[in-house]
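Colleague: I would like to go through this model with you, starting with the ligands. Could you put it on the screen?

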Amino acid sequence: MTVRVGVIGTGMIGQDHIRRLTDVVTGAAVTAVTDLDPARAADVAARAGATAFPTGADLIASPDVDAVLVTSWGPTHAEHVLNAVAAGKPVFCEKPLATTAEDCLRIVDAERAHGRRLVQVGFMRRFDPGYRQMKDVLASGDLGAPLLVHCAHRNPAVPESYTSAMAAQDTAVHEIDVLRWLLDDEFVSAQVLTPRATSRRFEHLKDPQVMLFETANGVRIDLEVFVNCQYGYDIQCEAVAEAGLVRLPDPAAVGVRSAGRHGTAVLQDWKGRFTEAFDTEFREWIAAVASGAEPTGPSAWDGYAATVITDAAVRSLESDGTVVAVDMKPRPAFYGGTA
Ligand code: NAD
Ligand code: ISE
């Protein structure tokens, strides 16, 4: 069966996922698109061989759409996801699931009322081969219990519209999700410290930031978020356990020796760094939808958890680094397991 996908939001990542669903993943076809900008939707529709719809609600209602992909702006996600759940259609929502914890819970409640999982959230790092290998090592128990995790999330530069709160909401949210999954543990507190700010970018921005998290099992996580580091896109993660440590590999790159130096190139953006993760994420989602199975990727509950933890980090940032408790509801049995 070919899964007919309708895409809401044909901007940067929407177009990239349309390319992925069309050229990379087998068993999927993009049949419908919509965008607030009708000219953009029409242009993308013409290139994809899809129909342009006036609104997300029209697209979701179409009998030519089996599954929905939401790649619009974050504050609009909840409305589209709720409409898809009401229509009983599987929906893949780019992060964040919603921008408030209340909206995330409305989605969780709607999905539970429906009775089976329909929602997957676009936290693609769970599909990255390096993180998957780290998870296998930790889950094997060979290293004993994890005790500490050291991470860095660096971007070469961000635009002026990026705010200090986005360091948690837009950037660290990926570590928040992948570490809940990697450690199979829940975050209980967040603290954000602001060292001397770089002078190489905007005055309004607190950059870099140091984020400290504690989990229910007592693991301490430190995460440097530095979104104007200048030199490249650089993701680091090292988990220290009782009998050893496991580290995320850097992407493979050839070594070049020239003019008395030896070096490797550093990637410049997240698209290149996580290509394989995005491809696998969509392959697995389409395979689940095609077989009528529930999705196995990040759930609506994971989307809720990430938003609640992000909120705690932003509250800490706004209160000069106070330790803020994560105020999360108990996890419903519907979502199984722990993190
Ligand atoms: P973008 O601004 O390039 O594109 C968003 C598009 O959605 C625009 O064309 C806009 O007109 C359209 N849109 C907004 N609201 C709409 C609505 N209600 N109905 C229809 N169209 C609507 O943004 P982007 O960079 O593509 O980001 C989109 C989403 O993807 C964001 O939530 C972002 O956080 C997420 N994202 C995820 C990753 C990742 O690594 N997983 C990376 C980048 C972006
Ligand atoms: C961006 O929005 C993403 O989602 C990327 O995956 C992330 O690494 C980047 O820092 C964000 O700005």
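Colleague: Which atom of ligand 1 does the side chain of glutamate 94 approach, and at what distance?

Modeller: This is a predicted model. In it, a polar side-chain atom of glutamate 94 lies 2.9 Å from a nitrogen atom of ligand 1.

Colleague: How much of ligand 1 does the protein bury?

Modeller: Ligand 1 taken alone exposes 850 Å², and the protein buries 85% of that.

Colleague: Which elements give two or more residues to the shell around it?

Modeller: Those elements are α1 (12-24), α4 (77-86) and α7 (166-183).

Colleague: And what about the oxygen atoms of ligand 1: how far is one from the side chain of arginine 40, and from that of tryptophan 73?

Modeller: For arginine 40, a polar side-chain atom lies 2.5 Å from an oxygen atom of ligand 1. For tryptophan 73, an N or O atom of the side chain is 2.8 Å from an oxygen atom of the ligand.

Colleague: Which residues come nearest to ligand 1?

Modeller: Of the 24 residues around ligand 1, the nearest are Ile13, Asp35, Arg40, Trp73 and Lys95.

Colleague: How does that shell divide by residue class?

Modeller: The shell around ligand 1 has nine nonpolar, ten polar and five charged residues.

Colleague: On to ligand 2. Which residues are around it?

Modeller: Lys95, Met124, His153, Asn155, Asp170, Thr171, His174, Tyr233 and Trp270 are around ligand 2. Lys95 is also listed among the residues that come nearest to ligand 1.

Colleague: Which side chains have an N or O atom by an oxygen atom of ligand 2?

Modeller: Among them is histidine 153, with an N or O atom of its side chain 2.9 Å from an oxygen atom of ligand 2. The corresponding distance is 3.0 Å for aspartate 170 and 3.1 Å for lysine 95.

Colleague: Which element gives the most to its shell?

Modeller: Helix α7 gives the most, with three residues. By class, the shell around ligand 2 comprises three nonpolar, four polar and two charged residues.

Colleague: Let us change topic to the cysteines. How many disulfides are there?

Modeller: The structure holds zero disulfides. Cysteine 104 is in none, and the nearest cysteine sulfur, that of cysteine 93, is 8.9 Å away.

Colleague: Are cysteine 104 and cysteine 151 buried or exposed?

Modeller: Cysteine 104 counts as buried because its relative accessibility is 0%. Cysteine 151 also counts as buried, at 6%.

Colleague: What of the geometry of helix α9: what span should it have, and what does it have?

Modeller: Helix α9 covers residues 275-291, and at 1.5 Å a residue its 17 residues should span 24 Å. The end C-alpha atoms are 25 Å apart, which agrees.

Colleague: Which of its residues are buried, and what follows the helix?

Modeller: The buried residues of α9 are Ala277, Phe278, Asp279, Thr280, Glu281, Phe282, Trp285, Ile286, Ala288 and Val289. Glycine 292 follows α9 and has a positive phi, near 80°.

Colleague: Some individual residues, then. Where is arginine 20, and is it buried or exposed?

Modeller: Arginine 20 is in helix α1. Arginine 20 counts as buried because its relative accessibility is 1%.

Colleague: And aspartate 234: where is it, and what polar contact does its side chain make?

Modeller: Aspartate 234 is in strand β11 (residues 234-241), and its side chain makes a polar contact with the side chain of glutamine 236 at 2.7 Å. At 13% relative accessibility, aspartate 234 counts as buried.

Colleague: Last one: what does the side chain of threonine 34 reach?

Modeller: The side chain of threonine 34 reaches the backbone oxygen of phenylalanine 53 at 2.8 Å. Threonine 34 is found in strand β2 (residues 28-34) and is buried, with a relative accessible area of 3%.

Notes:
Residues numbered from 1 in each chain as written. Chains lettered and ligands numbered in written order. Predicted model: local features only at pLDDT ≥ 70, side-chain atom pairs only at ≥ 80, totals over all residues. Heavy atoms only, no water. Disulfide = S-S within 2.5 Å. Buried < 20%, exposed > 50% of the residue type's maximum accessible area, 1.4 Å probe, protein only. Helix = DSSP H or I, 4+ residues; strand = E, 2+ residues; numbered from the N terminus. Expected span 1.5 Å × (residues − 1). Near = heavy atom within 4 Å. Polar contact = N/O pair within 3.5 Å; in protein donor to acceptor, adjacent residues only side chain to side chain. Areas by Shrake-Rupley, 256 points an atom, 1.4 Å probe, with all protein chains shown as cover. Nonpolar A, V, L, I, M, F, W, Y, C, P; charged D, E, K, R; others polar.
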